[in-house]
Each structure stands twice: as C-alpha cells, then as structure tokens.
Amino acid sequence: MLKNDRENLELERLENESRKLVAERQKLLADEKKLRWEANLYPVAILGGVVTAFTAVAGFFFRF
C-alpha cells in the first residue's frame with residue numbers, strides 16, 4: 001500500500017511538472033511572437049523618424 005501511494009505521488013508530481021513546463025513553453029512562444037513583431041516594426045519607426053526629421057529641415061529651409 002505504501003509503495004502504491006509513493007508511486008501515485010511521484011506520478012502526480014511529474015504530471016504537475018509537465019503542466020508547468022507546457023505553460024512555460026506557451027509563454028515563451030508568445031514572447032517570441034511579440035519580439036518578432038517588434039523587430040519587424042523597428043525599421044518602420046526609424047524610417048518614420050527620418051522622414052519627420054527631413055520634413056522639419058525642409059520646412060525650415062523653405063520658410064526663409
């Protein structure tokens with residue numbers, strides 16, 4: 001009886017650990033997706049800043 005209880009506790013512990021690892025994997029996959037999205041938007045943000053700076057400089061020169 002004691003051996004059976006020990007085996008059940010060990011199996012339960014392993015199942016809990018497995019669930020924990022699955023949840024951690026899902027979290028890491030979501031973080032990866034977010035980082036890929038941000039990495040793709042970074043050049044767009046840089047280009048927007050360059051265009052804004054160029055427009056500001058051009059507007060300054062054409063004003064006078």
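Visitor: Is glutamate 32 buried, partly exposed or exposed?

Guide: Buried means under 20% relative accessible area, exposed means over 50%, and partly exposed lies in between (1.4 Å probe, protein chains only). Glutamate 32 has 35% relative accessibility, so it counts as partly exposed. The model is predicted: local features need pLDDT of at least 70, side-chain atom pairs count only at pLDDT 80 or more, and totals for chains, interfaces and linings use all residues. Residues are numbered from 1 along each chain as its sequence is written, and side-chain values use heavy atoms, with hydrogens and water left out.

Visitor: With which residue does glutamate 32 form a salt bridge?

Guide: A salt bridge is a side-chain nitrogen of Lys or Arg within 4 Å of a carboxyl oxygen of Asp or Glu. Glutamate 32 forms one with arginine 36, the closest N and O atoms being 2.9 Å apart. Arginine 36 is exposed, at 55% relative accessibility.

Visitor: Where do glutamate 32 and arginine 36 lie relative to each other?

Guide: Helices (H or I, at least four residues) are DSSP runs, numbered from the N terminus. Glutamate 32 and arginine 36 are four residues apart in helix H1, so about one helical turn separates them.

Visitor: How many salt bridges does the rule give?

Guide: The count is three. One of them joins arginine 13 to glutamate 10, at 2.8 Å from N to O. Both residues lie in helix H1 (residues 2–63), three residues apart. Arginine 19 also forms a salt bridge, with glutamate 15, at 4.0 Å between the closest N and O atoms. Arginine 19 is exposed, at 53%, while glutamate 15 is partly exposed, at 44%.

Definitions and conventions. Helix = DSSP H or I, 4+ residues; strand = E, 2+ residues; numbered from the N terminus.
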